[in-house]
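Keep the structure open while reading.

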Amino acid sequence: MTPAYYLVLAAILFTIGAVGVLVRRNAIVVFMCVELMLNAVNLTLITFARTTGTVDGQIMALFVMVVAAAEVVVGLAIIMSIYRTRRSASVDDANLLKY
Amino acid sequence: MPAEGLLAASWLLIALPLAGAAVLLLGGRRTDRWGHLLGTATVVAAFVLAVACTVQLAGLEERSADVELFTFISSGQLDVTAGLLYDPLSAIFALLITGVGSLIHVYSIGYMAHDPARRRFFAYLNLFVAAMLLLVLGNSFVALYVGWEGVGLASYLLIAFWYTRPAAATAAKKAFIMNRVGDVGLAIAIFVMFAQLGTTSYAGVFGSVGTLAGGTITAIGLLLLLGACGKSGQFPLQAWLPDAMEGPTPVSALIHAATMVTAGVYLIARSAPIYDLTPTARAVVLAIGALTLLIGAIAGCAYDDIKKVLAYSTVSQIGYMFLAVGLGPAGYVAGLAHLLAHGFFKAGLFLGAGSVMHAMNDGVDMRRFGALWRKLPVTFGTFGLGYLALIGFPFLSGYFTKDAIIEAALDRDDVWGWVLGGVAVLGAGLTAFYMTRLMLMTFFGRARWEDGVHPHESPSVMTAPMVVLAVGSVFSGALLVSVFPLSGWLEPVFGEPAEAAHVVAPALIGLVVTVVMLLGVLAAWLFVGRREVPVTAPARVSPVTRAARNALYADAVNESLFMRPGQWLTRALVWLDNRGVDGAVNGLAAGLGGTSSRLARTQTGFVRSYALGMLGGAVLVAGALLAVTSG
Amino acid sequence: MSASLYLVAMIVIPAIGAAAVAALPRERGLLAKQVTLGVSLVVLLLAVLATAAFDVDGDRFQLTTSVSWIPDFGAEFALGVDGIALVMLLLIGVLVPLVVTASWHEADAGPRPTRVFFAWLLLLEAMMVGVFVATDVLLFYVFFEAMLVPMYFLIGSFGGPRRQYAAVKFFLYSLVGGLIMLAAVIGLYVVSTSQLGEGTFAFDALRQLDIDPEVQKLLFLGFFVAFAIKAPLVPFHTWLPDSGAEAPIGGAVLLVGVLDKVGTFGFLRYCLPLFPDASRFFAPFVLVLAVVGILYAALLAMGQTDMKRLVSYTSISHFGFIALGIFAFTTEAGTGAVLYMVNHGLATGLLFIVVGMLIGRGGSRQIGDYGGVAAKAPLLAGAFLVAGLASLALPGTNSFVSEFLVLIGSFPERPVFTIVATVGIILAALYILLMYQRTMHGPPRGVLLQQDPAEPLSGTGTGTGTGTGTGGATAASATATATRPAAPGTLRVLDLSRRELAVVAPLIALIIGLGVYPQPLLDLIEPAVSATISDLGGTDR
Amino acid sequence: MIEAPDLSFAALAPLLLVLGAACAGVLVEAFVPRHVRHPVQVALALVGTVGALVATLLLAGEEDQVTAGGALAVDGAALFLQATIAGLGALSILLFAERGLDPARSAFVTSAAVPAGSPRDRELMVDTRVQTEVYPLAGFAIGGMMLFVAANDLLVMFVALEVLSLPLYLISGMARRRRLLSQEAAFKYFLLGAFASAFFLYGLALVYGATGSVRLSDIREAGVDGGGGVLLVLGLGLLIVGLLFKASVAPFHTWTPDVYQGAPTPVTAFMAACTKVAAFGAILRLLYVAFGTAEWTWRPLVYAVAIVSMVVGAVLGLTQTDLKRMLAYSSVAHAGFLLTGVLGLGAGGEGSGLAATMIYLLVYGLTTVGVFAVLTLVRDGDGEASHLSQWAGLAARSPLTAAVMALFLLALAGIPLTAGFTGKFAVFRAAIEQGAWPLVVVALLASAVAAFFYLRVIVLMYFSEPVADGPTVGVPGVPTTVVLAITATATVALGVLPGAVLDLAGQAARFVG
């Protein structure tokens, strides 16, 4: 089986993530969708690592994971603080700032 | 040739009155006490100087003197030197202006005695004299133009002398504007001369004008004529002159009878070398002269305002002069002779009218006059002589000069000659009619004075000039035509007077004219003298009379042709400028603002819509790049 | 001080003066005025010295200074004057002290401190001098734009009721023009880089460039639009009536008197020599704009009811004449146009100042609110009349010489345009005399009449005391019947004060003096103009 | 046996200083007693940033090098931008440290964890205890930015991106006043930022797949011999998207107004100034080092984006009523102007575009910090009075403040004799040299439109009558005063005599790798 399938799968996952960001209201879920996009990238990286026969891709995937973890920490903190204030995690409720 | 002796100092002619004006205007109230004396003194001095200069000029063999003063404007090809040309033509004008001017200054001392602003009046009069002298003495068309507009200014100031009266202010403005219309013609004529000949001095232009194409010369001639019409109140620019009577009467006498309004005649006479080359332009001059002659005479018959009648008479008489100078070499001298004679008797008549008004508490309505001959003997006498001179009573000045013009017209010896001659004769009859009417209504018949009017003769300071002018109006004609023939004096300017081939014997012409004149007098007596003059003008009159009363609707025409459309245009443009030009800019601004607030709506504040925007952007970017790379 | 430093001093001294005045404590308003007057007089002196040091037959640019400024952009701090710039310097030198004197009480009434007004005035003077003496295009541009700021604050802080609108409009119009010019300036720089190896902004170097005609057209338009907005030519003019009407008198005088001249100056100094082919190509279009502007603005002036707007429109009309003279491409017309810039500055300056004095007395800008003022204030009326006559170019006043030169110089090249333009002199007589008659002539009436309790009039006392109502009545009846005027005594208006006379008299003297003997200025101007014309023709191979 | 990668600590000194100071700051939080923490943290942060500034200046002489195993390119451009970031960072830190203005002695919430509006929050409102985490966080952000502009390798670039972003997300949520807005700003910034970095990352992956490497130089080689094709182009596109987001270029600007408005003003200043510099540094490096030889592919794109950004920024700014929001849109417009400078860099990096862009970044950064610093002075009951109407007649109440504000606004509008003009002139010249004059004309018209809303503020301050119960103009403490002095002086100096700095930028304008 050719790497193309993995790439396509990754692309699909990425799209799903992106669309998810657009359609879901719950901040946590939206954030998860972003994570999904990152992981789609990881899949791509690893696939390419295979095709090019280098390990760079896999190392990069590790980097991405670390970064993603850091992002989770920061992200959840922000979401929590706003949730505790507003008692709601809906991204649509936060629109005082506009125009 | 360059001037020596007194002639070299002829610039003082202009400088003296100008200095007088400056002193009176800048001096302020300090000069109130003696201002009028200074003003008169400068002009008298100028007159003396003019006489002396003329005498010296007569001594020179080729009677002409140039006075170079200083470089006025010099740039590129253009080189305008401020200089004077003192030759027989300018000399007679200098004498007329300073002479009549002096008399009128003297007269004004009395006439304006009780006016708080007398000093200002004399300042303006001096200013006028200076400008007028510059006009006639200048040695180039530019100098002439400067004087030309200078007299326009003086006339404006003097007509509006009693500026608290809206009528006066409006009349002054009207005069200035209509003169400016003429000035445009004069200015463009100068441009053409410079463009074609590279010079604007008389010597340069007249020297080389022959080299130009006929069309160009005609154009110059017509443009100059436009200027002349504006200044001399000729058709189609005659409407301002009667209104100008709003000014004090001495002004009407000096500016709007004797001198300024004759500047047009001077211009055409001065430009003889140009007109001699363009029969077309000259024909137009003739036509305008004849037409104005009639218009003025007809309008003169209908007015009850004594000054208006005299004003239209002036229009008509200047028509005679135009007709004369339009005839070319044959007519120049005749026209100028009539001009000088007219200067005397018309000035005299106006001063007389002033004296009458002085007696009648400044009333001008002849229907409220009558039977004044006993109350104002001197005025009546001088006025009567002026009257006789004007209507061309045999052997008074008008008789000679007017006949000379008619002769010259007939001497063309063609149909037009007869037509013009006929018009001139008819004009003589009309002149006799309206002037007789004026005499009858003013001095004879029953006294129709308003209550509280106690006529009294004017002081001698006023009557003396009137007497002098009356004498002049009696003899000047004879002097100019036969004793010291003007033709001889002006020979250096217009050349040898051609021996007139008398188509019709002068004696016969004199007879005919006299008969027509008497008919006019008779008619006047029949219409006015026999019956009682109603105090208010009869309303139900023939269309002819009504037309005449409206000066043949000249004002109406101007109004409907120029003023109204002009006002509409102005209003339309103001609207266009605010709504259109400025509106476009403000509209653009408003449009941007609208776009801004509409675009701002896309900034909904919803994270997800932002994300959508970003995704769309990303897709576009990727798509664009792919499009570019894939060709 | 060596002659070459005159120009630098003329920029630096007012700038420093501005800083000093701005630094004065609030209550020292009088001192601020005195310092400003002193500094402006020093500038006048310098201008005269510079003129004395200028050799008419010498190089095109004299009194030059040049210091490297932004080497990276190839820009230099290069100053120098030719005859054209020199006469403009003289104009600035003459006008500013008079404006200061005329505006002596301008800022006292308002809420904002007096010293600020005069500080801006001095800064404006520095910038104006700079814009005329810069011989480095970038430096010129910098002054051109920086000049906006002081004028913007003058209008916005000390102007009339709609000053905010006017100030912003003025600034944006000029800024848009300036920015478009900036593109052209940079374009010019790039061309010079490609032709001379390294880019430069030095005017003399740029004049040597041989630019491809198509490029010339673009660059010309870039400069032209900026200058046409400044000048202003129809249809870029609508900012001027607003600014002119709302600006304080001092600002208005300098605005139309000097600032706007930068536009016509720019035509002559930059458009023609740098882009000869394009200039010749566009000349017909510019001439159409100019001639249309003459008549259009004149008619609009007639339609105005606000005196300051009217005067602004007359200026637009006059700028049409100047543009005509410049784009006729003859020495006579060009010289006339430059002289016109000076004369217009003096004549319209006086007109604005006198109108301002009238407004100061009546508190209204509407023509309809005045009448018969001449009776009570003959000096004011006289000054007004002289200004008006100068504005309608009556012979004997300075404007006649310039207008005559422009027209007679343009006629051989462009007869049709000239004839149409000449008609403008009738309209000029109309709009001036209409305004004069309505305000000065006729029976006394309007805001200055005593019976209506007009708001306290700034800088004027009270007229004669008693029986005003009856006085008015008698005056009216008298005008109806008698042919002698009734003694007009019903206006409460003081005639010109000594201070005001000190402002008006020099201007009148100049107007008449230059009207009778303009040759000295012409001798200064002509060499520069003919050099420009030859630049134009010189590249005609 | 792996040989250790070459590490030139000298070249890394600036980074190490800043990041080291940040780490030390974390320890300080842990061990130093609360009452002395604030001065210590400020001192530390300043030492880090100023030290880094000095270090870069010392390095300026050195010839360019690629170090840390090829991960970092320490070349002229990098150093110049690092210096800029460090300097602007130091100024921002000073703004953070201002304690004189807010009655509660700090612009930052005492405890971000406490829900806004809760009783505890209300207690803390009036408490004068200050929270000092912001300093290490800012330190990390600055370090990330400096790394960002020196990254010679897409992965490092990504890591740097996150290192600079994550702290920013946090501190933009830490306003003491108007906490709801602040939190919302942080929230939006975070979600969209994460979204954007996902794009960047995917682009990275695609480029890696296309070229087999993420080293910029390798990518260029691959690009030259036409390797990759569609994958490479797509990757480029996504990378650009990620960067344009950070640079707040339309249409990726949507977060900017909200975040600028919501974040604490000092943080807004910090973001507006430093993030711009960092993002454009990265854009330049990516486009010219990695894709410089294929510039024909992206030039039209950048061209279009520049126009969109200028127009959107200028037009939307017209109708804003909140100063901070207005400045946000102006920053969008300025991003567009900067892109014209980017286009001024010809194929293979000749032309003055790089120097011009760097100058513009420096100028814009200084002016922006200054303008936001002024904003912090004008206050009403709850924090800064950022609504336009509140500024009416300010000149009458506080001439100096108004004058400084007017100066900065004129600079932003690009009026000559201010720094803004120097920057504009530089970038426009570069663009015209590359024949992009239509773009420049658009830019000029856009800046004319933009000038209108800057002018409106001046009109309000100077030409309007003061409003009743208007805001008070606080007396700035030492830090803000210093910031204002420096920025104002620089704005004038760079406008009147920019020669020296222009030279510096000109010499520094080069990339390695």
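Two strands pair if DSSP finds at least two bridges between them. Helices (H or I, at least four residues) and strands (E, at least two) are themselves DSSP runs, numbered from the N terminus. This is a predicted model, in which local features need pLDDT of at least 70 and side-chain atom pairs count only at pLDDT 80 or more, while totals for chains, interfaces and linings use all residues. Residues are numbered from 1 along each chain as its sequence is written, and chains are lettered from A and ligands numbered from 1 in the order in which they are written.

In chain D, three strands make an open, antiparallel sheet with the order S4-S3-S5. Strands S4 (383–384) and S5 (472–473) of chain D are at the edges with a single partner strand each, so each has one side without a neighbour in the sheet. Strand S3 (residues 378–380) of chain D is joined to S5(D) by two bridges, and the two run antiparallel. Val378(D) has Val473(D) in S5(D) as its bridge partner.

Chain B contains 26 helices and two strands. Its C-alpha trace spans about 110 × 65 × 60 Å along the principal axes. Residues are in contact if their C-beta atoms, placed from the backbone, lie within 7 Å. Among contacts in chain B between residues at least 6 apart in sequence, 81% link residues at least 24 apart.

Chain B also meets chain C: 41 residues of chain B are in contact with 49 of chain C. On the chain B side, the elements giving two or more residues are strand S1 (65–75), helix H6 (141–159), helix H7 (166–197) and helix H25 (554–600). H7(B) gives the most, with 14 residues.

Within chain C, Tyr431(C) is part of helix H19 (residues 415–440). Why does Tyr431(C) count as buried? Tyr431(C) has 26 C-beta neighbours inside 10 Å, and therefore counts as buried. Beyond its neighbours within four places in sequence, Tyr431(C) is in contact with Ala298(C), Ala301(C), Met302(C), Leu310(C) and Thr314(C). Leu299(C) is 132 residues from Tyr431(C) in sequence, yet their C-alpha atoms are 7.9 Å apart.

How values were computed:
Two residues are in contact if their C-beta atoms, placed from the backbone, lie within 7 Å. A residue is buried if 20 or more other C-beta atoms lie within 10 Å of its own, exposed if 12 or fewer, and partly exposed in between; C-beta atoms are placed from the backbone.
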